[in-house]
Structure formats: C-alpha cells, structure tokens
Amino acid sequence: MEELVVESVRYSARCADCGARLECGGVHGLVGGSLRWDIESVCSACGQATAACGQDLPARLRDQLLADNGPTTLHVTAPSAVRVIVMRVLRAELGVGLTEAKAVADQVLAGAYSGTLPQVEYLARKLRMAGVDAVATRP
C-alpha cells in the first residue's frame, strides 16, 4: 500500500451570510490512488459552517496551497527514452489532447512541470507504474 500524501492550508475569507471574517481550512491529498480535496469553514460572528469536498481541485484552493506550501516539481530521468510513455500517461491522467500532452511532456522532461505535492506525486506514481523513473521533489 502506497503512502498517503497530504497538504493543508488555513486562510481567512468573508462570510457569505454576514460579511465577517471566516476561518477556513483546506486539505488536498492523494488517498488510495485518488486525488481528493476538502474545505471546511466556520464564521466567528454568526457561526455559519460549511464543508465541501471533491476530486477536481478548485483553482482557488490550488493557488492557496501553492502560495503556502510552495510548488512540487516532477522529475523524470532518461527523458529521451521515455517521451512517448510520458505523453501517453499525461493524456490519460490529465485528460488532454495530443498537442497539450506534448507541451506538458516538454515541461516534465525539462524539469519545469510543477503543482501541489499530491498532484505531482499522483503523476509520478502513474509514470512509475508505466516504467518511467519519476519523482516528485520540492526545492
């Protein structure tokens, strides 16, 4: 069984009900081979509480995770020998077309593709399953 990979973040926002300060907590994780996210918030003034979760990470939460935790980069060794495999995995996992998969593969092979730790570790695991030596690293 593969290790759980999780990043979390705390931030403030405005309450939709009363406009007061809202304390929010978010988590993004790689759990059992799937990416998941969760956000919870409680208003300090009116007590309004919300929770949301899903698989496709909302851009706002992704941006906050990257701002607080920094990016993780995907590194692949022996890039010339595995380009086709990298593109195949990226197309399948990112749901992109051939042109976009080529552009993302160029980033991956140049060591310039980054994202949240769970996102990048997810792709690294998929690449390793396809026989490509890949690792998620932080600077």
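Residues are numbered from 1 along each chain as its sequence is written, and side-chain values use heavy atoms, with hydrogens and water left out. Because the model is predicted, local features need pLDDT of at least 70 and side-chain atom pairs count only at pLDDT 80 or more, whereas totals for chains, interfaces and linings use all residues.

An open sheet of four strands, in the order β1-β2-β3-β4, is built with antiparallel pairing. Strands (E, at least two residues) and helices (H or I, at least four) are DSSP runs, numbered from the N terminus; two strands pair if DSSP finds at least two bridges between them. Strands β1 and β4 stand at the edges with a single partner strand each, so one side of each is left without a neighbour in the sheet. On average, neighbouring strands of this sheet are turned by 15° against each other, direction ignored. Axes here are lines fitted to C-alpha atoms, for helices over the stretch in contact, and angles run from 0 to 180 degrees between N-to-C directions.

Ten bridges join β1 to β2 in the antiparallel sense, and S8 stands opposite V27 in β2. The pairing of β2 with β3 is likewise antiparallel and extends over ten bridges; E23 has V42 in β3 as its bridge partner. Two residues lie between the strands of this hairpin, in which G32 takes a positive phi near 55°. Strand β4 (residues 49–54) pairs with β3 over six bridges, again antiparallel, and the bridge partner of D38 in β4 is C53. The hairpin of β3 and β4 has five residues between the strands, and G47 takes a positive phi near 80° there.

In a regular strand the side chains alternate between the two faces of the sheet. In β3, the covered face consists of L35, W37, I39, S41 and C43, and the uncovered one of S34, R36, D38, E40 and V42. S41 counts as buried because its relative accessibility is 6%, where buried means under 20% relative accessible area, exposed over 50% and partly exposed in between (1.4 Å probe, protein chains only). Its side chain makes a polar contact with the side chain of T50 at 2.6 Å. Such a contact is a pair of N or O atoms within 3.5 Å; within protein, one must be able to donate a hydrogen and the other to accept it, and residues adjacent in sequence count only if both atoms are side-chain atoms.

Helix α1 lies across β1, β2 and β3, running at about 105° to β1. Within α1 (residues 59–69), L61, L65 and L66 are buried. Seen down the axis of α1, the buried residues fall within an arc of 135° (taken from the directions from the helix axis to the C-beta atoms), so they line one face of the helix. The face turned away from this buried side carries the exposed residues A59, R60 and A67. After α1 comes G70, with a positive phi near 80°. Helix α4 also lies across β1, β2 and β3, but at about 10° to β2.

The largest nonpolar core has 23 residues, and those with the most contacts inside it are L74, V76, V86, L90, V108 and L127. Elements giving two or more residues to this core are β5 (72–76), α2 (79–94), α3 (98–109), α4 (117–129) and β7 (134–137). Apart from this core lies another, of twelve residues, among them C15, C24, C43 and L61. A nonpolar core is a set of buried Ala, Val, Leu, Ile, Met, Phe, Trp, Tyr and Cys residues joined through side-chain atoms within 4.5 Å.

Note on methods
Contact means heavy atoms within 4.5 Å.
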